[in-house]
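Student: I would like to go through this structure with you. Could we take it one topic at a time?

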Amino acid sequence: MAKKLALVFGIVFVIVGILGFIPNPIVGMTGFFLTDAVHNIVHLLVGIILLVISLKAAAKSAVALKVFGIIYLVLAIIGFFSGSTILGLVAINGADNWLHLVLGIVIAAAGFMAKDSSPAPMV
């Protein structure tokens, strides 16, 4: 289950990363969710990492989901207190902060609740 979830989240992040470079009303410099080039690249990197893990190291998918979920929770908290950028590096707005919070909860929960595909230890 974790492998499938990591694959789905990976695909979504790659799509969002690409969309950020194409003018549209949802994500980008003029979108509802404000992103700049660095923000789009981060989405692409997160997506690619999740895709690679889901396809090459499926047993680590749950761990990757937990880690990225926690990272997104931290980013949401930083975003709520930092204004229009995260640490002066990545452009954000209020909608991004709320999305990061929801993503953090959903991705972390997916990692913690997904059945681990690694074999059970021998006793």
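Predicted model: local features only at pLDDT ≥ 70, side-chain atom pairs only at ≥ 80, totals over all residues.

Student: How far does H4 reach from its first C-alpha to its last?

Tutor: H4 spans residues 94–113, which is 20 residues, and reaches 28 Å. That is close to the 28 Å expected at 1.5 Å a residue.

Student: Which residue caps its N-terminal end?

Tutor: Asparagine 93 caps H4 there, with a side-chain oxygen 3.2 Å from the backbone nitrogen of alanine 95.

Student: Staying with alanine 95, how far apart in space are valine 106 and alanine 95?

Tutor: Their C-alpha atoms are 16 Å apart, and the two residues are eleven apart in sequence. Valine 106 is itself part of helix H4.

Student: Why does histidine 100 count as buried?

Tutor: Histidine 100, in helix H4, is buried because its relative accessible area is 3%, and the cut-off for buried is under 20%.

Student: Which residues is histidine 100 in contact with?

Tutor: Leaving aside neighbours within four places in sequence, histidine 100 is in contact with His39, Tyr72, Leu73, Ala76, Ile86 and Ile92.

Student: Let us change topic to the surface. Which residues form the nonpolar patch?

Tutor: The patch is formed by Ile11, Ile15, Ile18, Leu19, Phe21, Ile22, Ile41, Leu45 and Ile49. Together they have about 770 Å² of accessible area. H1 and H2 are the elements that give two or more residues to this patch.

Student: Which element gives the most?

Tutor: H1 does, with four residues.

Student: Where is phenylalanine 21 found?

Tutor: Phenylalanine 21 is in the loop between H1 and strand S1 (27–28). Its relative accessible area is 44%, so phenylalanine 21 is partly exposed.

Student: What does asparagine 40 touch?

Tutor: Not counting residues up to four places away in sequence, asparagine 40 touches Gly17, Gly20, Phe21 and Thr35. Asparagine 40 is placed in helix H2 and counts as buried, at 2% relative accessibility.

Student: Is leucine 55 buried or exposed?

Tutor: Leucine 55, also a residue of helix H2, is exposed because its relative accessible area is 58%, where the cut-off for exposed is over 50%.

Student: How far is leucine 55 from lysine 3, C-alpha to C-alpha?

Tutor: Those C-alpha atoms are separated by 7.6 Å, although the residues are 52 apart along the chain.

Student: One last item: what is the phi of leucine 87?

Tutor: Phi of leucine 87 is near 55°, a positive value in a residue other than glycine. Leucine 87 lies in the loop between S3 and S4 and is exposed, with a relative accessible area of 64%.

Technical notes
Residues numbered from 1 in each chain as written. Heavy atoms only, no water. Expected span 1.5 Å × (residues − 1). Polar contact = N/O pair within 3.5 Å; in protein donor to acceptor, adjacent residues only side chain to side chain. Patch = residues over 30% accessible without salt bridge, like charges linked within 9 Å, V, L, I, M, F, W, Y side chains within 5 Å. Areas by Shrake-Rupley, 256 points an atom, 1.4 Å probe, with all protein chains shown as cover. Salt bridge = Lys/Arg side-chain N within 4 Å of Asp/Glu carboxyl O. Buried < 20%, exposed > 50% of the residue type's maximum accessible area, 1.4 Å probe, protein only. Contact = heavy atoms within 4.5 Å.
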